[in-house]
Amino acid sequence: MNATMTDQDWIDLLIVELRMRRVPGPVIGDAVASVWEFIADSGQGAEEAFGPAREYAASLELPTKGAGYQALKMLFLPALGLLAFLAFALASGPWFAGSPVLLSVPQALLMSVPVLLVVLFSFPFYARAVFRKRWLLVVLALGIAVTSATAKLFAPTAEAEAWLVLSPLAILVTSGAAIVILAIIGTIATLRGGNEDEVVDPLEVQDEPANGREKKSFPLFVNWIFVFFAIGIFGISWIASLAMA
């Protein structure tokens, strides 16, 4: 345990551990409020009073959400959404150019790396490492950007060199439909899930009717982020085709 850990760091780790145990947000909020209250009354630090956050989280007998809902929100939708977006981006340029989508094996492997980095969040050790070392999020973002950009360097220049030759229209239609369907599924899950994902301070519950819509707007926006990205990449490809005409 880090000797310089602040109470806020300890609380953040506790939230991560409870998240990984599929504890609903409002229940996490109650646990966090209890910790803060004890710290304020006792004058002790969180680590001193409760020990390691991981062990304290394990000692709490709190209700949990279903594993299926957690997998849907945290893994299935982001991974498939990212895969569909990469396919859409791959086909946008060739469609405006009137050429097929040419794919090489190295290109396909590099394009699978971002999806793999998302799927790895299903392993607790990976998720803990990322959330505890927040700079790893920057490394992951850079890794996704670099591998996606590098994949273009391995794009075949002729059909004879390609591992796969695909119709850009079929990919655009299939991946575009998948992006929209996944966004709709995520929206329904968010609306049906209510505030289960939000870590709510019990002292702020009385304000919930006033700001509940605002709190829910961000998760709803995230559900549609690949749709916005797809529209953006489609527009950029169109402008690029006009410039090259």
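Analyst: The part to start from is Ser104, found in the loop between β1 (101–103) and α6 (105–119). Helices (H or I, at least four residues) and strands (E, at least two) are DSSP runs, numbered from the N terminus. The model is predicted, so local features need pLDDT of at least 70 and side-chain atom pairs count only at pLDDT 80 or more, while totals for chains, interfaces and linings use all residues. Residues are numbered from 1 along each chain as its sequence is written, and side-chain values use heavy atoms, with hydrogens and water left out.

Ser104 has a relative accessible area of 8% and is therefore buried (buried means under 20% relative accessible area, exposed over 50%, partly exposed in between, with a 1.4 Å probe and protein chains only). Setting aside residues up to four places away in sequence, Ser104 touches Phe154, Pro156 and Trp163; contact means heavy atoms within 4.5 Å.

The axes of α6 and helix α8 (residues 135–153) cross at roughly 160° and come within 8 Å. Axes are lines fitted to C-alpha atoms, for helices over the stretch in contact, and angles run from 0 to 180 degrees between N-to-C directions. At this angle α6 and α8 are therefore roughly antiparallel to each other (under 35 degrees counts as roughly parallel, over 145 as roughly antiparallel, 65 to 115 as roughly perpendicular and the rest as oblique). Their crossing is left-handed: the near helix is turned anticlockwise from the far one by less than a right angle, whereas clockwise would be right-handed. On the α6 side the contact includes Gln107, Leu110 and Met111, and on the α8 side Leu140, Ile144 and Thr147 are among the residues. By class, the contact of α6 with α8 has 8 nonpolar, 4 polar and no charged residues. Ala, Val, Leu, Ile, Met, Phe, Trp, Tyr, Cys and Pro count as nonpolar, Asp, Glu, Lys and Arg as charged, and the others, Gly among them, as polar.

Both α6 and α8 also bear on α7. In α7, Tyr126, Ala127, Arg128 and Val130 are buried, and their cover includes α1, α4 (53–59), α6 and α8. Helix α1 (residues 7–20) packs with helix α7 (residues 124–132) at an angle of about 155°, the axes being 10 Å apart. That makes α1 roughly antiparallel to α7. The crossing of these two helices is right-handed. From α1, Leu13, Val16, Glu17 and Met20 meet Pro124, Ala127, Arg128, Phe131 and Arg132 in α7. The residues in this contact divide into 6 nonpolar, no polar and 3 charged.

Ser175 lies in helix α9 (residues 168–193) and counts as buried at 5% relative accessibility. A polar atom of its side chain lies 2.5 Å from the backbone oxygen of Ile171. Beyond its neighbours within four places in sequence, Ser175 is in contact with Ala84, Ala87 and Phe88.

Note on methods
A polar contact is a pair of N or O atoms within 3.5 Å; within protein, one must be able to donate a hydrogen and the other to accept it, and residues adjacent in sequence count only if both atoms are side-chain atoms.
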